[in-house]
Every structure is written in C-alpha cells, then in structure tokens.
Amino acid sequence: MSENVRGLKQLLEKLLKKSSKVFIVGHKEADYDSIGSSIGLQALCQALGKEVYIVLDDPEIDMEPGVKKIVDEYSDMFNMISIDEYKKLKDEESLLIMTDVNKRHMIPFPEDIDSFKEILILDHHEEDQNTVNTPYHLIDPKISSASEIVGQLLHEFKIKYTKDVANFLLAGIFLDTKRFKKNTTQNTHDVARILIENGGDNEFVNELFLEEFDADRKINDLVFNGTFFQHYQNMLFQNHNISFTLNREAPETIYRKEEIAKASDKMLKYRIDAAFVMGFVKEGLISISARGKNQIDVGAIMSKMNGGGNAHSAGGRITSDNILEVEEQLMQIVAESIEQIDKNAQEQPLQKIKLPI
C-alpha cells in the first residue's frame, strides 16, 4: 500500500478528532467513482464514531441509471442528504471531505467552501488555479481513482465494511480504469483484490455497467450524426486531428452526463488527437466531455471553460442556452492551444546527435 495513504491515515485521524461532524461531497453529476468513494468514506468515518453525511448534487440532473439506483436504494443507509438538509446541519466545527474532485466550482455548494475551517481533498485529477486551497490533501493523477485511495484507507484503518461498500468502491475503480484497461498499477489490482476478498462481487458490478439498448443507440446517433473533424497543420507539417460532437439536428436534446462521457470514450477508437463531446444535461446547462491523446492536453483546455481534469480525460459545465455558440468558443480555445503547442515545438533547439567514430 502507498506511503502517501499511510500518512493520510494519520492526517484523517487528527482531523476527525477535531471535528463535530463530517460532510462528504463529490463532484456535480456523480459517477461511480464519486459516489463509491463517498460511500467508502462514510463507512470509514462512521466506524470511527463520527456523525457523517454525503451531500448530493442537484436532483434535477438525470444521473446514470446505475448511480441513480444506488442513490435511490441506499440513501438512508449511507446518510445521503440534499444541499438544503446539509445547510441546516452544518456548524463551525464541521469537516468537509472532497472526493474525486479538487476544484471549487465542481462541487454542489462552491459558495460554502470558505466557511469550513478544515477541508480534506482525496482526488486523482490534475490541480490547477481552481483547486481548493487547503494544506490537507492527497491529489495524485497517477492513482486510478478516488475509490482506490479510499479502499486503501479502509485497509489501513482495518475497518470492517459491508459487501455493498466493497461493490461500490469496486465500481468506482472499474469506471475510471475502463475495467483495468488504463491508468492501472499493481496497487490498483491489489485494492480490487482486497475489496473482492471483503465481499465485492464482479458480477454485481458488471450488472451496474450493462448498457441499455436505447441509451446505446442514443450515444451512437450522437457520435455518428453529430461529429465533424477539424484538421490543423503547422509549419513543420505536423497534423492535429480534433473531433467536435453535438446533436446538430436537435441541439436542445437532453443527455445524461454519463452518455456524453461514453460518446467521448467512443471517439478514442478513431484516428484523432482529441475529442470534445457536448450536450445539454438540463435546460440551460451544457456538459462537455473531453478525451485527449498525444500532445493535446484536454485538461488544460477545459480549465479555460470552467472545467478541469487531466491531460487525457477532462470535462466541464457551461451555463448557456446556445450550444453552437459554446462550441465556437471551445473551437477557438482549441485552436489557440494547438497554436501554442506548435510554437513551443518550433522554438525547441534541435538535439545534438553524437555520431560514432
């Protein structure tokens, strides 16, 4: 297990002793990693004798079916509460734990951040200028998921937990590693093994990920009918192929954030350097999902659109009624980013090659 997590155990013990109660929050539009790591932390803090709650996002936003099922069936068991309920319960000595997120604007109540004396962040996304300023954090993009971090914490604390907790943490790891196909280390496999030994069930998790036919067709229609490719070429004749996807026939169509993310994942099969997929998740609110390869840092691009992530996977939300206008704004930022990449490449001195004598 990671040395960082052993240090995190001591830090969490210290923070819990000082706190009156604990509020756990993931990013807006919760996915399996956000909700799974929240549930694991709730179980951990509760086992250590703390009053602890998971604060949920705006209920108007349609969740991915599996995540919604977890919330609907387990909200009482894991003390999941609304933002209004949280505001009634919070006091001056409350501890805030942010999981699977490190940026202020990506949690459900960004305006409350400064009212907390102590904030702990557990995350695997890149930091940027929007990252919440706190001395208490474990933010490491090399770790597969927040669920991996929490799984290690439970092991370090020697906490006994239910098979439900094991399943939801396992689902978080499954999601962010694409079922162990990316960003996976030996430590990731070790945590998954421990979760399975403690009741985690691969078949249960696989059921959560089963595609619904209509949802799959909706994603395919979005990709195949709504994508166009923009080609960029610099003075060194290097090509950058970028895809932009949205529902061009019916731009006002409402999608789940997970559907938009799956569409961007699907684009990675093709010969592109980056993919950007966008759609409304509710009236007046647009979600963008970005995937990058090669030199294109989609996290840096999305940070300029009130979003974030890492070089290969990022996203954001824009308040707007005009999705085509948002796409134009995004395309301009992408063009400027590629221009800077090419400029930096051209300014780099040629490496000297020592020939054998």
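This is a predicted model: local features need pLDDT of at least 70, side-chain atom pairs count only at pLDDT 80 or more; totals for chains, interfaces and linings use all residues.
**Helix 1 and its surroundings**
- Within helix 1, the residues Val5, Leu8, Leu11, Leu12, Leu15 and Leu16 are buried, and since these buried residues fall within an arc of 135 degrees when seen down the helix axis, they line one face of the helix.
- An α-helix has 3.6 residues a turn, so residues three or four places apart point the same way.
- Glu3, Gln10 and Lys17, by contrast, lie on the other side of helix 1 and are exposed.
- The partners against which the buried residues of helix 1 pack include strand 1 (22-25), helix 2 (32-47), strand 4 (95-99) and helix 5 (146-157).

- An open sheet is formed by 6 strands, which are arranged in the order 3-2-1-4-5-6 with parallel pairing.
- Strand 3 (80-81) and strand 6 stand at the edges with a single partner strand each, and therefore one side of each has no neighbour in the sheet.
- Strand 1 runs parallel to strand 2 (residues 52-55) and is joined to strand 2 by 4 bridges, while valine 22 has valine 52 in strand 2 as its bridge partner.

**The cavity**
- Searching the whole structure gives 1 cavity of 30 Å³ or more, and the volume of the largest cavity is about 60 Å³.
- Among the residues that line the largest cavity are Gly26, His27, Ser34, Ile54, Asp57 and Pro108, and helix 2 supplies the largest share of this lining, with 3 residues.

Methods: Residues are numbered from 1 along each chain as its sequence is written. Side-chain values use heavy atoms; hydrogens and water are left out. Buried means under 20% relative accessible area, exposed over 50%, partly exposed in between (1.4 Å probe, protein chains only). Helices (H or I, at least four residues) and strands (E, at least two) are DSSP runs, numbered from the N terminus. The arc is that of the directions from the helix axis to the C-beta atoms. Contact means heavy atoms within 4.5 Å. Two strands pair if DSSP finds at least two bridges between them. On a 1 Å grid over the protein atoms alone, a cavity is a set of points where a 1.4 Å probe fits but cannot get out, and a pocket is an open set with protein on both sides within 12 Å along at least five of seven lines; lining residues have an atom within 4 Å of a point. Grid points are joined across faces, edges and corners, and a volume is the space filled by probe spheres set on the points.
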